[in-house]
Structures are given as C-alpha cells and as structure tokens.
Amino acid sequence: MTTIIGNNLPNIPWEAKPAGSNDVLWRYSKNPIVNWNPIPTASRVYNSAVVPFNGAFAGVFRGDQMNGRATLFSGFSKDGLTIELNPEPIAWVDEQGNSKPTSYSYDPRVVEIDGTYYVTWCDDMKGPSIGLGMTKDFKTFTRLPNPLMPYNRNGVLFPRKINGKFYLLSRPSDTGHTPFGNIFLSESPDMVHWGNHRFVMGNGGQGWWQGTKIGAGPVPIETNEGWLLFYHGVSGTCNGYVYSIGAVLLDINDPGKVLYRCGNYLLTPEKEYETVGFVPNVAFPCANLYDAASGNIAIYYGAADTYTAVAFCQVDEVIAYIKKHNEKF
C-alpha cells in the first residue's frame with residue numbers, strides 16, 4: 001500500500017470523485033476558485049502556490065497587473081478555496097532589510113523546510129532565471145541569492161534535505177517562450193552554492209502531450225515508494241501550445257533517478273476556464289496539499305493563464321496509474 005510520508009492535514013480542500021468517473025485526477029466542481037480581476041491591482045491571478053500555515057493556509061500568487069507585467073502577491077485562506085489576496089505586491093527586501101524589488105516575477109512555488117517558507121519563482125536576472133526567497137509569516141519576504149544562472153524556469157525545491165543536501169529541480173530555457181525544455185536537478189549544502197547539475201528527464205516519448213517541453217510543477221510529495229512529482233507537459237499544435245498535467249515517481253534517495261513515468265496525461269484542458277482565456281489551453285500545476293492519513297491530494301493549477309483552479313486525486317490511485325502506464329523515455 002502506498003502511503004504519504006508527512007503531516008496529517010484533514011482540513012485540506014477535498015471533494016469526492018464524481019460518481020461514474022474514471023478520472024485519476026478530477027476537477028473541483030466549483031472551479032475556478034479565483035476569477036478575473038480579483039483585486040484592483042491584478043487582472044488575472046493564476047500559477048500560484050498554497051501551503052499549510054498556522055492551522056489554515058497561506059500562499060504566494062502570480063498576479064498580472066494592469067500594465068501587463070507579472071508580479072507576486074501574498075494571500076491567506078481559511079479553507080484553501082476562498083483566497084484573501086493582499087492588494088499590494090510583495091515588497092521584497094534583502095538580507096539586511098533593504099528594499100530589493102523585482103523587475104518581474106511569476107509562477108511561484110512555496111515549500112516549508114524546518115519552519116521557514118522558501119519561495120522560488122521566475123525572476124529577471126538579465127533574462128529569465130530562478131528567484132529564491134524566504135518568509136516566516138507571509139508578511140515580510142527576504143530575497144536570497146539566485147541559485148542558478150539565466151536562462152532558467154520552473155525552479156522547485158524538495159521539502160527536505162536528502163543525504164544532507166538541498167535539491168532543486170529546474171528547466172534550462174532561453175530568453176523567450178521556450179520551444180524546448182527538459183528537467184534538471186541541482187544540489188546545495190547551504191541553499192547558496194549550487195552544483196552537480198544533472199539531467200532527470202526529457203520531453204518526448206510516445207506521449208505527444210509532452211512532446212515539446214516539460215517542467216516541474218508542485219513540490220514533490222514524499223511517499224514510501226518514492227517522490228511523487230506532478231509536472232506539466234506541452235504539445236505543439238497547429239493552433240499553439242497545449243499545457244497538460246502528468247506525474248512521475250522519483251527515487252527517494254536519488255531524486256535524479258526516474259522509477260516510473262506516466263505516458264498518459266492526468267488532466268488536459270477541456271473545461272471552458274481551461275480552454276478560453278488570456279492564453280487558451282493551459283493547465284499548469286504549481287502547488288499541492290496532502291493529508292498523509294487519508295492519502296488525499298489537492299492540486300492547484302493555473303487555467304488559461306487567467307484563473308486559479310483545483311483538482312483532486314488519491315495517492316494510491318495515482319501511483320498505480322503511473323505504474324500501469326509507465327513509459328520508457
């Protein structure tokens with residue numbers, strides 16, 4: 001039996017699978033949870049990260065402002081579904097407390113490690129790179145040194161040290177809307193010095209849904225069978241890119257080693273809020289909440305670069321599905 005190694009969080013958002021459904025990953029019936037123009041300073045909030053915080057939930061959210069530039073906002077929620085966003089963008093400071101704003105910032109991930117919440121995002125470092133910051137209260141946010149050189153996106157930290165080191169997934173890219181991309185792994189003894197960069201997995205295979213590029217999604221979930229990582233895969237169609245959600249199981253002690261990788265997507269844009277919006281046909285996962293006792297998982301994903309949506313799965317079922325549809329790449 002597959003079990004999640006982690007905390008019991010019975011108050012995470014959850015909705016039972018619809019009767020008669022064969023879906024491994026099913027959508028929240030009241031999606032989207034964040035709609036157009038949720039605050040006066042942001043027209044769209046999506047591709048965002050929610051984590052447990054003080055018995056409820058907090059997060060860092062991508063908000064595209066009225067001038068079109070993306071930035072990050074903090075927010076809180078009692079139930080993980082009704083989000084109260086801070087109307088002002090995060091005011092980043094450096095480690096001495098001096099103002100250190102970003103030029104642009106988007107697609108955050110958040111992970112708690114030993115009582116500190118670390119934030120990664122796509123940052124401007126003379127081109128897209130990975131930003132790294134920290135907070136303890138979701139009110140004061142401190143920027144740390146950028147872990148990797150440009151050009152890079154989709155930086156995702158593991159939720160604990162492995163063999164005494166921090167690990168970070170990323171996708172080397174280019175200056176634009178990258179028409180390629182594979183997932184790599186880097187390690188650090190101190191969250192400052194990063195190296196031993198390794199290839200983890202690439203696009204392609206028989207699954208056309210991930211034939212153009214892939215990128216790590218939410219923070220990996222530790223299970224007794226390995227690290228469960230949800231990720232996005234992109235296909236190039238005659239009408240543009242399509243972003244879908246897939247999953248892979250990585251070795252618990254060597255997260256650069258793929259154990260099983262699902263050749264099928266788990267969720268692809270089908271609902272109107274996924275197929276119609278600022279950028280149509282996008283389902284982009286950025287966060288997951290889980291309850292170890294029940295095995296329930298809630299995944300937050302951006303829909304059509306416009307909305308924030310939620311989907312659900314059960315750890316036993318999703319890992320069994322990955323193994324059943326395992327594909328060698």
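**Patch, sheets and salt bridges in a predicted model**

Biologist: Which residues form the nonpolar patch on the surface, and what is their accessible area together?
Modeller: Trp 36, Phe 278 and Val 279 form it, and together they have about 280 Å² of accessible area. A patch takes residues with over 30% relative accessible area and no salt bridge, joining like charges within 9 Å and nonpolar side chains (Val, Leu, Ile, Met, Phe, Trp, Tyr) within 5 Å. The areas come from the Shrake-Rupley method with a 1.4 Å probe, and for residues only the protein chains shown count as cover.

Biologist: What kind of model is this, and how are residues numbered?
Modeller: It is a predicted model, in which local features need pLDDT of at least 70 and side-chain atom pairs count only at pLDDT 80 or more, while totals for chains, interfaces and linings use all residues. Residues are numbered from 1 along each chain as its sequence is written, and side-chain values use heavy atoms, with hydrogens and water left out.

Biologist: Back to Trp 36. Where is it found?
Modeller: Trp 36 lies in the loop between β1 and β2 (44-53). Helices (H or I, at least four residues) and strands (E, at least two) are DSSP runs, numbered from the N terminus.

Biologist: How does Trp 36 count, by relative accessibility?
Modeller: Trp 36 counts as partly exposed because its relative accessibility is 38%. Buried means under 20% relative accessible area, exposed over 50%, and partly exposed in between (1.4 Å probe, protein chains only).

Biologist: Sheets next. What is the strand order in the one with β1?
Modeller: That open sheet has four strands in the order β1-β21-β20-β19, with antiparallel pairing. Two strands pair if DSSP finds at least two bridges between them. β1 (26-27) and β19 (283-291) each have a single partner strand, so one side of each has no neighbour in the sheet.

Biologist: How many bridges join β20 to β21?
Modeller: Eight, between residues 296-303 of β20 and residues 307-314 of β21, which run antiparallel. Tyr 301, for instance, has Ala 309 in β21 as its bridge partner.

Biologist: And which helix packs on the sheet?
Modeller: Helix α2 (residues 315-324) does, touching β1, β20 and β21, and its direction makes about 85° with that of β21. Contact here means heavy atoms within 4.5 Å. Axes are lines fitted to C-alpha atoms, for helices over the stretch in contact, with angles from 0 to 180 degrees between N-to-C directions.

Biologist: There's also a sheet with β10. Which strands form it?
Modeller: It is an open sheet of four strands, β10-β11-β12-β13 in order, paired antiparallel. β10 (152-157) and β13 (195-201) are the edge strands, each pairing on one side only. From one strand to the next, the twist averages 30°. Five bridges link β11 (residues 166-172) with β12 (residues 183-188), and Leu 168 stands opposite Ser 186 in β12.

Biologist: Ser 74: buried or exposed?
Modeller: Ser 74 is at 4% relative accessibility and therefore counts as buried. Ser 74 belongs to strand β4 (residues 70-77). Beyond neighbours within four places in sequence, its contacts include Phe 61, Leu 85, Ile 90 and Phe 138.

Biologist: What about Glu 88, where is that?
Modeller: Glu 88 sits in the loop between β5 (84-85) and β6 (105-113). Leaving out neighbours within four places in sequence, Glu 88 is in contact with Thr 41 and Phe 73. Its C-alpha is 9.3 Å from that of Pro 40, which is 48 residues apart in sequence.

Biologist: Charges now. How many salt bridges does the structure hold?
Modeller: It holds 12, a salt bridge being a side-chain nitrogen of Lys or Arg within 4 Å of a carboxyl oxygen of Asp or Glu.

Biologist: What are the closest N and O distances from Arg 27 to Glu 270 and Glu 274?
Modeller: For Glu 270 the closest N and O atoms are 4.0 Å apart. That pair spans 243 residues, from Arg 27 in strand β1 to Glu 270 in the loop between β18 (258-261) and α1 (272-275). For Glu 274 the figure is 2.8 Å, and Glu 274 in helix α1 is 247 residues from Arg 27. Arg 27 and Glu 274 are both buried, whereas Glu 270 counts as exposed at 54% relative accessibility.

Biologist: Which residues are linked in a network of salt bridges?
Modeller: Arg 44, Arg 62, Asp 64 and Asp 107. Within it, the closest N and O atoms of Asp 107 and Arg 62 are 3.0 Å apart. Asp 107 is in strand β6 and Arg 62 in strand β3 (residues 56-64), 45 residues apart. Asp 107 is buried with a relative accessible area of 11%, and Arg 62 counts as buried at 12%.
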